[in-house]
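Hi,

Here is the structure we talked about. Please open it and keep it on screen while you read my notes below.

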Amino acid sequence: MTTAEQLTTVEEFYALPDPPQGGKLELVDGKVVAMSPVGRKHGVLASRLDRALGAFVDEHALGEVGVEVGFRLFPGRDVVRAPDVHWVSAERLGEFTDEGFYESCPD
């Protein structure tokens, strides 16, 4: 006898605590996926990209840059991915609330 797999909605996923062992979580078709912490080189490169891109975007008022924020990529599906670094254009910022995940993909 098999048991049905417990699926998680985006709303339930947003309310989950951070994993105690570190890393981050993503949601793929209702399944919570634990992501391992990144290595030193990856972390340093992501940090450099965030600083450089963020400074340029801020200087030119092009929107906002962030790290590891959740994006609900497919409307109606329970999928949330969190890129290392993202940019959302100033023109699109009004589409989103300050709480929860972005309801679209990054620019």
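**The largest pocket**

The largest pocket has a lining of 15 residues, and those nearest its centre are Phe13, Asp18, Lys24, Leu25 and Phe101. Bear in mind that this is a predicted model. The space in the largest pocket comes to about 280 Å³. Its lining counts ten nonpolar, two polar and three charged residues. Helix 1 (10-15) and strand 1 (24-28) each give at least two residues to that lining.

**Phe13**

Look at Phe13 next. Phe13 sits in helix 1. Is Phe13 buried or exposed? Phe13 counts as buried because its relative accessible area is 7%, and buried means under 20%. Leaving out residues up to four places away in sequence, Phe13 touches Thr8, Leu25, Glu26, Leu27, Val32, Val80 and Phe101. Pro37 is 24 residues from Phe13 in sequence, and their C-alpha atoms are 19 Å apart.

**Helix 2**

Now go to helix 2, residues 40-59. Its 20 residues should span 28 Å at 1.5 Å a residue. The end C-alpha atoms are 29 Å apart, which agrees.

Where do the buried residues of helix 2 fall, seen down its axis? Ala46, Gly54 and Val57 are buried in helix 2. They fall within an arc of 70 degrees, so they line one face of the helix. Strand 3 (63-66) and strand 6 (86-89) are among what covers these buried residues. On the other side of helix 2, Arg40, Lys41, Arg51 and Glu59 are exposed. Just after helix 2, Ala61 has a positive phi of about 50 degrees.

Best wishes

Note on methods:
Residues numbered from 1 in each chain as written. Predicted model: local features only at pLDDT ≥ 70, side-chain atom pairs only at ≥ 80, totals over all residues. Heavy atoms only, no water. 1 Å grid on protein atoms, 1.4 Å probe; cavity = no way out; pocket = protein on both sides within 12 Å on 5 of 7 lines; lining within 4 Å. Points joined across faces, edges and corners; volume = space filled by probe spheres on them. Helix = DSSP H or I, 4+ residues; strand = E, 2+ residues; numbered from the N terminus. Nonpolar A, V, L, I, M, F, W, Y, C, P; charged D, E, K, R; others polar. Buried < 20%, exposed > 50% of the residue type's maximum accessible area, 1.4 Å probe, protein only. Contact = heavy atoms within 4.5 Å. Expected span 1.5 Å × (residues − 1). Arc of directions from axis to C-beta.
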